[in-house]
Amino acid sequence: MDAEREVLDVLARNAREDIDDIAAQTGFDAAAVAEAIDALEADNVVHGYQAVVDWDRVDEGKIRALVEINVELDRETGYEQVADRIAKFPAVDALHLVSGDYDFAVEVLGETMQDVSRFISEQVAPMPEVTQTVTHYIMETYKDGGIRFEDGDDDDRLSVSP
């Protein structure tokens, strides 16, 4: 395995690791790790570093929804063009072309359910290629970005009374 792939694996688990720690975990020297990170960023393999936030634990959390979008393409318009237009909206957190019963899976963030609903009905649904949208509001998140969200109560034992 090359240095870039090993460094990428460590960064994917924890992007806050410093270069010396990554070097110790991978067996490469710090200069090679720094060079690998620079190359990954320059080649647009690594696009940024983000915190995985449990919005349920924030007083004024965000509403998150998964939106299925079906489109009908014409000769001049492809999936790439539709994706470019959808991806430009700040409310769109993630956008995927998928196989199955719909074409795009979109993660949308908003302050309220009404914000998300308004965004879909006023910005996405009116696009000429969009034929159908189905919105699923996320009620609870148990794992995100590979990180398990737990309530902190690890004691699953039943209480015993005499």
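The legends below describe close-up views of a predicted model. Local features are taken at pLDDT of at least 70 and side-chain atom pairs only at pLDDT 80 or more, while totals for chains, interfaces and linings use all residues. Residues are numbered from 1 along each chain as its sequence is written, and side-chain values use heavy atoms, with hydrogens and water left out.

**View A. Domain 1 and domain 2.** Domain 1 covers residues 1–43 and domain 2 covers residues 55–144; these bounds come from an automatic or database domain assignment. The C-alpha centres of the two domains are 33 Å apart. An unreviewed UniProt entry places the feature "domain: Transcription regulator AsnC/Lrp ligand binding" at residues 69–141. UniProt positions follow the numbering used here, feature names are shortened, and annotations may be inferred rather than shown by experiment. The span 69–141 is 29% helix and 33% strand, and its end C-alpha atoms lie 22 Å apart. Helices (H or I, at least four residues) and strands (E, at least two) are DSSP runs numbered from the N terminus.

**View B. Asn44 in the loop between H3 and E1.** Asn44 is found in this loop. Its phi is positive, about 60°, although Asn44 is not a glycine. Most residues other than glycine have a negative phi.

**View C. The nonpolar surface patch at Tyr79.** Leu73, Tyr79 and Leu97 form a nonpolar patch with about 260 Å² of accessible area together. Patches consist of residues with over 30% relative accessible area and no salt bridge, like charges being joined within 9 Å and nonpolar side chains (Val, Leu, Ile, Met, Phe, Trp, Tyr) within 5 Å. Accessible areas come from the Shrake-Rupley method with a 1.4 Å probe, and for residues only the protein chains shown count as cover. Tyr79 belongs to helix H4 (residues 79–87). With a relative accessible area of 34%, Tyr79 is partly exposed; buried means under 20%, exposed over 50%, and partly exposed in between (1.4 Å probe, protein chains only). The C-alpha atoms of Tyr79 and Val106, 27 residues apart along the chain, are separated by 14 Å.

**View D. Aromatic pairs.** The whole structure holds 2 aromatic pairs. Rings of Phe, Tyr and Trp (its six-membered ring) pair if their centres lie within 6.5 Å; planes under 30 degrees apart count as stacked, over 60 as edge-to-face and the rest as tilted. Tyr79 and Phe104 make an edge-to-face pair, at 5.9 Å centre to centre and 75° between the planes. This pair links Tyr79 in helix H4 with Phe104 in strand E3 (residues 104–110), 25 residues apart. Phe104 counts as buried because its relative accessibility is 2%. The ring centres of Phe89 and Phe119 are 5.1 Å apart with planes at 75°, so this pair is also edge-to-face. Phe89 lies in the loop between H4 and strand E2 (92–97) and Phe119 in helix H5 (residues 113–124), so the contact ties together parts 30 residues apart in sequence. Phe119 is buried, at 10% relative accessible area.

View E. Glu111 and Lys62 meet at 2.7 Å, N to O. Glu111 lies in the loop between E3 and H5 and Lys62 in the loop between helix H3 (30–42) and strand E1 (63–71), so the bridge ties together parts 49 residues apart in sequence. Glu111 is partly exposed at 47% relative accessibility, and Lys62 is partly exposed at 32%. In the bridge between Glu129 and Arg85, the closest N and O atoms are 2.3 Å apart. Glu129 lies in the loop between H5 and strand E4 (130–137) and Arg85 in helix H4, so this bridge ties together parts 44 residues apart in sequence. Glu129 counts as buried at 7% relative accessibility, whereas Arg85 is partly exposed at 32%.

**View F. The salt-bridge network of Arg64, Asp93 and Glu107.** These three residues are linked in a network of salt bridges. Arg64 is in strand E1 and Glu107 in strand E3, 43 residues apart. Arg64 is buried, with a relative accessible area of 14%.

How values were computed:
Salt bridge = Lys/Arg side-chain N within 4 Å of Asp/Glu carboxyl O.
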